[in-house]
Amino acid sequence: MLKIPSLALIGMLMLPFSASAITSELTSLEPVVVTATKLETPVSEIASSVTVITAEEIENRQPTSALDVLRTVPGLDVVRQGGLGQQTSVFLRGGNSTHTLVLVDGIEMNDPANPGRSFDFATLGTDNIERIEIVRGPGSTLYGSDAIGGVINIITRKGSGKPTITLSAEGGSFETHQEKFSLRGGNDLWNYSLAASFIESNGISAADERYGNSERDGYDRTSVSSRIGITPTTNFDLDFFLRYFDSEADLDTFAGPFGDDPNNTFDSEALFLRLQGRLFLLDDLWEQKLGFALSDYDRENRDETDALHPFDSSLTTYDGRLYKVDWQHNLYLHPTNTLTVGIEYEKEEAENTSQYFYENPLWNTNDKFDKKSVETTGYYVQDQVKLWQDFITTVGLRVDDHEEFGARLTYRITSSYLFRQTGTRIKGTYGTAFKAPTLAQLYENSTYVLGNPDLTPEKSRGWDIGIEQGFWDNRASFGVTYFENHFEDLINTFYNPLSFKSEYENIDEAQSKGIEIVASVRPVDDLTFSASYTYTDTENRTTGERLLRRPLHKYNLNVNYRFLDRANANLDIFYFGEREDLDLYDWTQTKTLGAYTVVNLALSYEISEHFRIHGRVENLFDEKYEEVNGFGTPGIAGYAGASLTF
């Protein structure tokens with residue numbers, strides 16, 4: 001029977017309140033998520049499909065790169081073209097690899113000079129990460145273009161307490177070594193965290209060794225991450241974020257046979273900055289956030305002549321920058337209602353050069369994509385309503401005024417309801433999204449590719465519905481979600497014999513649908529079992545074929561055991577089902593890649609409060625597999641290291 005709240009309770013709900021106090025109380029009870037609503041909201045009140053990876057989980061798994069923990073996320077597929085440092089793509093719920101917006105502390109990581117404006121996860125380590133939030137489904141209502149399939153948000157650690165320094169080092173297979181440094185601390189006025197790391201590896205052959213390739217493709221990366229905050233008054237704080245990386249990867253020109261290319265290198269350098277202020281007014285009922293951000297990329301691909309490629313060499317450079325200003329207002333009108341209004345302005349710039357040097361100088365080419373820029377202003381509003389803490393719904397609307405394509409409207413609605421008697425929660429979402437053509441897709445004019453200024457934005461609409469159930473005083477949980485996404489006007493390339501180039505066109509339409517299942521159980525305090533399964537059925541509506549590199553089935557099992565008060569063991573099992581990829585010899589045809597299972601094991605032991613040793617084995621059973629047709633994957637590998645904190 002539905003119980004109507006008493007007049008006394010209604011009267012209490014109408015009393016003035018402190019938003020910061022309520023947020024503080026909620027955050028002390030359970031983890032909060034900010035990506036789904038741009039508000040600090042408890043996980044139990046989020047209707048969107050969200051996965052949160054915590055710093056503790058990252059430490060237990062001991063991943064080399066952030067992409068290694070993303071493999072555990074339901075509905076998310078990670079594909080790497082070779083070993084450590086090789087180009088890496090992610091596919092959310094069957095969407096394209098260019099359909100995911102990646103943020104670090106509110107800074108957009110997607111590269112404006114990349115042809116698809118995507119982010120290469122090969123460059124992102126795990127330094128200074130507090131948590132990673134993944135929101136699946138159309139996200140343009142809050143985040144504009146690029147969030148057509150979902151959002152991945154990396155949040156940096158905030159320092160507190162007395163100054164703490166941690167030094168760590170590890171080494172292992174493929175002549176890999178990694179060194180890290182971190183400094184954290186803070187008080188009521190200041191907080192700070194700084195992390196720096198260097199990793200180097202001789203790697204494996206990017207082109208699969210099974211085709212006779214033997215030249216190893218190495219990788220090195222230097223990373224710096226920093227967060228500095230000041231709280232001069234009780235209602236105002238200011239934060240500065242910085243992230244920088246400089247990496248160099250050896251590449252192979254082609255997959256499969258004859259892929260070795262000893263002098264092919266790719267250098268990538270990027271700087272990300274953000275200054276953000278937050279102000280509470282009217283007894284904390286009005287919260288404002290004002291931020292300024294910069295993303296700056298410089299990339300270079302150099303391929304000199306060698307014994308296998310004696311007749312030509314090339315040099316390609318990519319420069320991209322994104323400037324962004326955002327101003328968000330959260331109006332805590334009532335404990336049952338929060339209104340969010342925001343405005344964002346961004347300007348992106350991109351340019352590249354492509355030079356080819358042949359044995360005959362008359363054949364030399366020097367193609368240049370001159371600097372182009374585009375501006376976008378977005379306006380959004382979101383209303384979050386809570387009734388008796390059981391029914392929660394959000395309704396959002398956004399208009400993006402794009403310099404080239406005019407106004408684009410997107411919207412999203414989410415709802416969830418908790419049946420308190422049984423602890424059952426049902427939830428659902430529906431939303432629309434768009435992705436503007438990139439500057440390269442509009443204006444590129446290189447030796448092989450021609451841009452198209454007449455392109456229109458890609459569009460999507462998606463919905464999901466799910467149920468979550470807790471058991472055994474929440475020591476066990478189970479959830480299942482069904483989703484569907486429809487994509488229109490997808491941008492792809494076709495070969496034009498008149499121009500002798502590939503050209504961009506809005507020629508594809510696609511859909512994806514599937515089921516995500518998650519479960520966990522904690523039989524005792526120190527032992528946790530977590531599992532997930534994803535079924536993703538995709539179709540290119542133009543050709544009737546499945547989309548490339550998306551497996552139909554995927555599952556993950558993770559077991560974490562804390563024992564002897566100081567030791568931890570973590571077992572990860574991944575299964576990826578069969579999927580289609582391009583045939584190496586005829587790109588108009590596809591090839592089915594076989595299913596595979598990879599097992600990783602990580603161990604650590606705290607010898608003292610200040611000293612910890614750790615080690616892991618990746619691909620424990622030496623599984624032979626391909627993530628991309630013709631590209632290699634590492635076999636069994638072992639690593640060991642230690643960390644000192646003082």
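**Close-up views of a predicted model**

**View 1. Glu-133 and its surroundings.** Glu-133 is in contact (heavy atoms within 4.5 Å) with Val-32, Val-33, Val-34, Thr-35, Thr-51, Val-52, Val-151, Ile-152, Asn-153 and Ile-155, leaving aside residues up to four places away in sequence. The model is predicted: local features need pLDDT of at least 70, side-chain atom pairs count only at pLDDT 80 or more, and totals for chains, interfaces and linings use all residues. Residues are numbered from 1 along each chain as its sequence is written, and side-chain values use heavy atoms, without hydrogens and water. Glu-133 belongs to strand E8. One joins the Thr-35 side chain at 2.4 Å; another joins the Arg-131 side chain at 2.7 Å.

**View 2. The open sheet around E8.** Five strands (DSSP runs of E, at least two residues) line up as E3-E8-E9-E6-E7, with mixed pairing. Strands E3 (49–54) and E7 (107–108) stand at the edges with a single partner strand each, so one side of each has no neighbour in the sheet. E3 and E8 run antiparallel, joined by six bridges; strands pair if DSSP finds at least two. Val-50 has Val-135 in E8 as its bridge partner.

**View 3. Phe-121 in the largest nonpolar core.** This core has 28 residues; Phe-121 is among those touching the most other members. Such a core joins buried nonpolar residues through side-chain atoms within 4.5 Å. Phe-121 touches Leu-67, Leu-70, Thr-88, Val-90, Val-102 and Ile-152, not counting residues up to four places away in sequence.

Notes:
Buried < 20%, exposed > 50% of the residue type's maximum accessible area, 1.4 Å probe, protein only. Helix = DSSP H or I, 4+ residues; strand = E, 2+ residues; numbered from the N terminus. Polar contact = N/O pair within 3.5 Å; in protein donor to acceptor, adjacent residues only side chain to side chain.
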